[in-house]
Amino acid sequence: MAQNSTRQVGRHFLQIPGPSPLPDRVMRAIDNPIIDHRGPEFAKLAKRCFDGIKTIFKTTNPVIIYTATGTGAWEAALVNTLSPGDRVLSVETGQFSALWKKMAENLGLKPEFIPTDWRHGADPAAVEAYLRKDTNKEIKAVCVLHNETSTGCLSSISDIRKAIDAANHPALLMVDTISSLASADYRHDEWGVDVSVGGAQKGLMMPPGMSFNAVSNKALEANKTAKLPKSFFSWQEMINMGKQGFFPYTPATQMLYGLAVGIDMLHEEGLDNVFARHDRLAEATRRAARAWGLDILCKDPKYHSPTITAVLLPEGYNADQFRSLALEHFNISYGASFGPYAGKYFRIGHLGDINEGTLVGALGITEMALEVAGIPHKKGGVQAAMDYLASTHTGAKRAAAE
Ligand SMILES: *Cc1c(COP(=O)(O)O)cnc(C)c1O
């Protein structure tokens, strides 16, 4: 920012991996008069949302919509299916898996961790081996993150399902898809997920404060005998009232307006196009980082996240100071770093309502900020990203030549 200036010019570059910037259409949809949450107009709106969100999770079962952040939907998944003292297996992919495990502990469950080095996703073979050792089938749930937002590693949920089946284990599969839903392919029913946990403020392009549980029949069955205390998060009443298009309490009406429009926008683009766009932007970001000569935290390409890239700074340079400098000089926010790599990397979010121009702008800022911060790097990261993005538009090139 220029000296003595109190005004930031133009839009803030919100390049954190959620909340993501709101599309104007969603903002306008939220900017509506409040309606009666027991009236007929509300029921129509809620029905649009209940039906629409199923198409995003790819499920035919009910999806429960909570007026809570993603963390609330984590809690809902656990308390609705498990009983005090139940063993729960998770994979330590990073900060968010650690937080979910901590919550399980707080709720009186017995969580166990398969460790990773925070640079890989969940290894299905390790899950299978762990479950095979549980000969008495005491583990009641396997909790994994589809996308570990703190590191930028995406795990294959269909392979985790196969690993559980190969071990012939009855544990429920619970998946946090908060930072991948509506950005990466996700198939609740087909992949045999029992509870999928989603959030509004990432791929769904909404403000924070709304979250989801998609459920399987097996999860609904487990719900009948689950003994952890629950009230606000209890599925049953939510599902029963949801059938009529209502909630047991006053839901976030404005958020539902936004959700209905956000879902429309995703289908107008086409979900497969949405996923391909995120893949392209992620690849462009990785190419920029490599051209700068900087390492990407996620080590194995098979785990590369389509929504967030964590970039390691060279030894001896502090990523938190880099983020502050970039914010001060260029009005951009990056995600912070955690765990064993705290202070060593910054995260570029590329999810939600983001196009090539926004990404190239963000990468251009990043290259300038690296220069201003005096961080050793090579030039040409933005060029590498642009070359790649342009190369994905070959059809248009032919059309222009005709
Ligand atoms: C953002 C996020 C959360 C937390 O969601 P809140 O809305 O902040 O409660 C949990 N898990 C993952 C993977 C996330 O990206």
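Buried area is the accessible area, taken with a 1.4 Å probe, that two parts lose on being put together, summed over both. In this predicted model, the two parts in question are domain 1, made up of residues 13-19 + 270-393, and domain 2, which covers residues 24-267. Between them, domain 1 and domain 2 bury about 2600 Å², and 62% of that area lies on carbon and sulfur atoms. On the side of domain 1, Leu-271, Phe-275 and Tyr-303 supply 25% of the area buried against domain 2, which is more than any other three residues contribute.

Counted by residue, 31 residues of domain 1 are in contact with 31 residues of domain 2, while the C-alpha centres of the two domains lie 27 Å apart. Across this interface the rule for salt bridges finds zero of them.

On one pairing, strand 9 is joined in the parallel sense to strand 8, residues 172-176, over three bridges, and here Ser-196 is the bridge partner of Val-175. Strand 9 also pairs with strand 10, residues 211-215, but in the antiparallel sense and over five bridges; in that pairing Val-195 stands opposite Val-215.

The cysteines call for a separate reading. A disulfide is a covalent bond between the sulfur atoms of two cysteines. How many disulfides does a search of the whole structure find? The search finds zero, and Cys-143 is accordingly in no disulfide, the nearest cysteine sulfur being that of Cys-153, 19 Å away. Cys-143 is itself buried, with a relative accessible area of 4%.

Cys-153 presents another case, and the cut-off matters to it, since a pair of cysteine sulfur atoms counts as a disulfide when the two are within 2.5 Å. The closest cysteine sulfur to that of Cys-153 belongs to Cys-298 and is 3.1 Å away, so the pair is too far apart for a bond. Cys-153 also counts as buried, at 1% relative accessibility.

Technical notes. Residues are numbered from 1 along each chain as its sequence is written. This is a predicted model: local features need pLDDT of at least 70, side-chain atom pairs count only at pLDDT 80 or more; totals for chains, interfaces and linings use all residues. Side-chain values use heavy atoms; hydrogens and water are left out. Two strands pair if DSSP finds at least two bridges between them. Helices (H or I, at least four residues) and strands (E, at least two) are DSSP runs, numbered from the N terminus. Buried means under 20% relative accessible area, exposed over 50%, partly exposed in between (1.4 Å probe, protein chains only). Domain bounds come from an automatic or database domain assignment. Contact means heavy atoms within 4.5 Å. A salt bridge is a side-chain nitrogen of Lys or Arg within 4 Å of a carboxyl oxygen of Asp or Glu.
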